[in-house]
Amino acid sequence: MRKALKVKRPRFDVSLVYLTRKFMDLVRSAPGGILDLNKVATKLGVRKRRVYDITNVLDGIDLVEKKSKNHIRWIGSDLNNFGAVPQQKKLQEELSNLSAMEDALDELIKDCAQQLFELTDDKENERLAYVTYQDIHNIQAFHEQIVIAVKAPEETRLDVPAPREDSITVHIRSTKGPIDVYLCEVEQTHPKGKTSDGASASSSKSKHPKGSGKEENPQ
């Protein structure tokens with residue numbers, strides 16, 4: 001009769017250092033950092049006395065607290081960031097902040113889109129859906145600029161080819177009705193009511209019965 005050979009586990013496998021590392025792995029994955037010591041002993045394959053050796057040391061340096069006879073809770077620092085160098089932690093914080101900012105911007109875009117839909121869907125607002133020359137004139141960024149305002153039906157297509165050295169071409173096409181194009185040269189008004197030399201204000205309107213338009217502006 002052959003005797004079964006008993007293979008001894010390496011001493012390192014049952015050493016306190018090894019068991020502590022395995023114990024900390026369990027702490028990282030434990031919900032709320034709470035561990036059942038009976039289950040820990042089973043998973044580590046050791047007697048519960050060996051687990052108590054670990055928890056007693058951690059309790060003595062205020063890293064765990066006893067919840068009950070067989071349960072402990074981790075009260076130390078966040079183990080997910082344990083051992084991370086300062087630069088890595090800084091990058092993680094920046095990434096988290098950027099993700100939060102992106103989520104906030106997405107919510108703002110959705111909110112603006114919903115408000116715009118409700119505004120344009122309201123029949124009472126249709127008669128007020130326009131801007132005046134004075135509205136455009138009051139926008140500081142448009143001063144001394146040539147502004148082209150376009151009033152067109154839905155699904156109008158606007159194409160701007162690559163600009164040439166002496167001009168910019170704009171193509172506007174529509175299959176659902178005429179296109180109105182307004183050319184506004186916004187003049188710069190001085191305090192005494194005088195306008196800058198050579199500046200003028202004009203407005204032109206053109207309709208295209210065939211539903212297409214083309215504007216060419218010299219630079």
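What is the volume of the largest pocket? In this predicted model, local features need pLDDT of at least 70 and side-chain atom pairs count only at pLDDT 80 or more, while totals for chains, interfaces and linings use all residues. Residues are numbered from 1 along each chain as its sequence is written, and side-chain values use heavy atoms, with hydrogens and water left out.

The largest pocket has a volume of about 380 Å³. Of the 14 residues lining this pocket, Ala129, Tyr130, Val131, Lys151 and Tyr182 are the closest to its centre. A pocket here is an open set of points on a 1 Å grid over the protein atoms alone, where a 1.4 Å probe fits and protein lies on both sides within 12 Å along at least five of seven lines; lining residues have an atom within 4 Å of a point. Points are joined across faces, edges and corners, and the volume is the space filled by probe spheres set on them. At least two lining residues each come from α5 (133-137), β4 (146-151) and β7 (180-185), and β4 gives the largest share, three residues. Helices (H or I, at least four residues) and strands (E, at least two) are DSSP runs numbered from the N terminus. By class, the lining holds ten nonpolar, two polar and two charged residues, where Ala, Val, Leu, Ile, Met, Phe, Trp, Tyr, Cys and Pro count as nonpolar, Asp, Glu, Lys and Arg as charged, and the others, Gly among them, as polar.

We turn next to the helices. Helix α1 (residues 16-29) and α2 cross at roughly 125°, their axes coming within 11 Å; axes are lines fitted to C-alpha atoms over the stretch in contact, and angles run from 0 to 180 degrees between N-to-C directions. The two helices α1 and α2 are therefore oblique to each other, given that angles under 35 degrees count as roughly parallel, over 145 as roughly antiparallel, 65 to 115 as roughly perpendicular and the rest as oblique. In this packing, Leu19, Lys22, Phe23 and Leu26 of α1 meet Leu37, Val40, Lys43 and Leu44 of α2, with contact meaning heavy atoms within 4.5 Å. That contact comprises six nonpolar, no polar and two charged residues.

Helix α2 (residues 37-44) also packs on helix α3 (residues 48-60), at an angle of about 110° and with axes 9 Å apart; α2 and α3 are therefore roughly perpendicular. Here Leu37, Asn38, Val40 and Ala41 of α2 meet Lys48, Val51, Tyr52 and Thr55 of α3.
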